[in-house]
Amino acid sequence: MTNTTLIETRNKEPAMPHVIVKLWPGKSEQQKRRLADAITRDVTTVLNYGDESVSVAFEEVTPDEWGEKVYRPDIVEKTATLYKKPGYTM
């Protein structure tokens, strides 16, 4: 039995969630690892999934591209799905 099959069998659903963090470039690998660990801990605690079910990715977006690649499509156009809104506007 593969690891994925084991997870699906135990949870009776595919492994998830996958969290994508979009941020400006410049954070260290240590900071990203610490944030990924913290997100994983909280997801497993709040949603009651095992650590093996969670994946975390980082997408670096330059400040010049933030409005076009993040703010408009992920914040303005999906405002109804935001559980934490930013304290800034563009």
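Here is a short tour of this structure, one selection at a time.

**Before you click**

You're looking at a predicted model, where local features need pLDDT of at least 70, side-chain atom pairs count only at pLDDT 80 or more, and totals for chains, interfaces and linings use all residues. Residues are numbered from 1 along each chain as its sequence is written, and side-chain values use heavy atoms, with hydrogens and water left out.

**Stop 1: the whole protein**

Switch to cartoon view and follow the chain from the N terminus: the elements run α-β-α-β-α. That gives three helices and two strands (DSSP runs numbered from the N terminus: helices are H or I with at least four residues, strands E with at least two).

**Stop 2: T40**

Select T40, which sits in helix α2. Is T40 buried or exposed? T40 is buried, because its relative accessible area is 12% and buried means under 20% (1.4 Å probe, protein chains only). Buried residues make up 21% of the 90 residues here. Then show D51, V54 and V56, which T40 touches when residues up to four places away in sequence are not counted (contact means heavy atoms within 4.5 Å).

**Stop 3: the largest pocket**

Select I75, L82, K84, K85 and P86. Of the 13 residues lining the largest pocket, these are the closest to its centre. The pocket holds about 430 Å³ of space. A pocket is an open set of points on a 1 Å grid where a 1.4 Å probe fits, with protein on both sides within 12 Å along at least five of seven lines; lining residues have an atom within 4 Å of a point. A volume is the space filled by probe spheres set on the points. Which element gives the largest share of the lining? Helix α3 (residues 63-76) does, with four residues. By class, the lining divides into seven nonpolar, one polar and five charged (Asp, Glu, Lys and Arg count as charged; Ala, Val, Leu, Ile, Met, Phe, Trp, Tyr, Cys and Pro as nonpolar; the others, Gly among them, as polar).

**Stop 4: the second largest pocket**

Finish by selecting H18, V19, I20, V21, I39 and V43, which line the second largest pocket. β1 (18-23) and α2 (29-47) each give two or more residues to this lining, and β1 gives the most, with four. About 260 Å³ of space lies inside. This lining has five nonpolar, one polar and no charged residues.

Notes
Buried means under 20% relative accessible area, exposed over 50%, partly exposed in between (1.4 Å probe, protein chains only).
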